[in-house]
Amino acid sequence: YGMLLVIDVGNTNTVMGIYDGRSLVRDWRIRTEKNTTEDEFNFLVSGLFARDRIEASQVTETIISSVVPPMVNILDAFCRKYLNHAPVWVDAKTAAGMPILYSNPREVGADRIVNAVGAYAKHPTSLIIIDFGTATTFDAVSEDGAYLGGAICPGIMISAEALFMKASKLPRVEIFAPPECVIGKDTAGSIQSGIIFGYAGLVDGMVRRMAREKIGRAHV
């Protein structure tokens, strides 16, 4: 009996956690570094483990969800060399408990699969799951726990950066807090309103459309 290491590799950040049974005992968030090696990754992980008094020998299983192809070989080599076991990779085959009703199940990203499986484990009902990352993903799960599909759109930060790059005269503004009004009184306020309330409108609209199209009343 040992601990489970879980790794979720996103385009921007990598999140790791240690489970003891069903209890999450530690978790860490680091930058995703595509040009690292298994030895460098081990150096980083060893430091995190040491700080929290976790021995690598305690980790007897690893599950990895990744949307970054270059990380596959790196993390596979890390697990085999330093943890002495091969990792389990999340995909449509390993998520056997949830039917993937995509035209081609292999196309569904591991990030979307773990979101759907995790959300349904907590809320076993019809679901619309929204994940704000580099991209914003919308995923629908039926009441009986089948993955129905969803939508992908550019993340809010990508959308903001694209605006500033294409329109170089526009000022860069803080977008982590909504403005007081939707109708902006200056350029900065107008940009804040457009990005934040516009994106909120996108999310609300997508949720309404998905609910009408596939699953009716859903937990969001």
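Visitor: How many bridges join strand β6 to β7, and in which sense do the two strands run?

Guide: This is a predicted model. In it, strand β6, residues 127-132, is joined to β7 by six bridges, and the two run antiparallel.

Visitor: Is strand β7 enclosed or open to the outside?

Guide: As a general idea, side chains in a regular strand alternate between the two faces of the sheet. In β7, residues 135-141, six of the seven residues are buried, so the strand is largely enclosed by the rest of the structure.

Visitor: Which residue forms a salt bridge with R112?

Guide: R112 meets D139 through their side chains, at 2.7 Å from N to O. R112 sits in helix α3 (residues 110-122) and D139 in strand β7, so the bridge links distant parts of the chain, 27 residues apart. Both partners are buried.

Visitor: How many salt bridges does the structure hold?

Guide: There are five salt bridges. One of them joins D52 to R26, with the closest N and O atoms 3.2 Å apart. D52 lies in the loop between α1 and β4, and R26 in strand β3, so this pair ties together parts that are 26 residues apart in sequence. D52 is buried, with a relative accessible area of 16%, whereas R26 is partly exposed at 34%. R26 and D52 also belong to a network of salt bridges that includes R51.

Visitor: What does K81 form a salt bridge with?

Guide: The partner is D39, and the closest N and O atoms are 2.8 Å apart. K81 lies in helix α2 (residues 70-83) and D39 in helix α1, so parts 42 residues apart in sequence are tied together. K81 is partly exposed at 46% relative accessibility, and D39 is partly exposed at 33%.

Visitor: What is the strand order in the open sheet of five strands?

Guide: The order here is β3-β2-β1-β4-β5, with mixed pairing. The edge strands, β3 (23-31) and β5 (88-89), each pair on one side only. Strand β2, residues 13-20, runs antiparallel to β3 and is joined to it by eight bridges. Within that pairing, G17 stands opposite D27 in β3.

Visitor: Which strands does helix α1 touch?

Guide: Helix α1, residues 38-51, packs on the sheet and touches β1 (3-9), β2, β3 and β4 (59-66). The direction of the helix makes about 135 degrees with that of β3.

Visitor: Which residues form a nonpolar patch on the surface?

Guide: The patch consists of V182, I183 and F197, with about 290 Å² of accessible area together. V182 is placed in the loop between α4 (156-166) and α5 (187-215). V182 is exposed, with a relative accessible area of 56%.

Methods
Residues numbered from 1 in each chain as written. Predicted model: local features only at pLDDT ≥ 70, side-chain atom pairs only at ≥ 80, totals over all residues. Heavy atoms only, no water. Pairing = 2+ DSSP bridges. Helix = DSSP H or I, 4+ residues; strand = E, 2+ residues; numbered from the N terminus. Contact = heavy atoms within 4.5 Å. Axes fitted to C-alpha atoms, helices over the stretch in contact; angles between N-to-C directions. Patch = residues over 30% accessible without salt bridge, like charges linked within 9 Å, V, L, I, M, F, W, Y side chains within 5 Å. Areas by Shrake-Rupley, 256 points an atom, 1.4 Å probe, with all protein chains shown as cover. Salt bridge = Lys/Arg side-chain N within 4 Å of Asp/Glu carboxyl O. Buried < 20%, exposed > 50% of the residue type's maximum accessible area, 1.4 Å probe, protein only.
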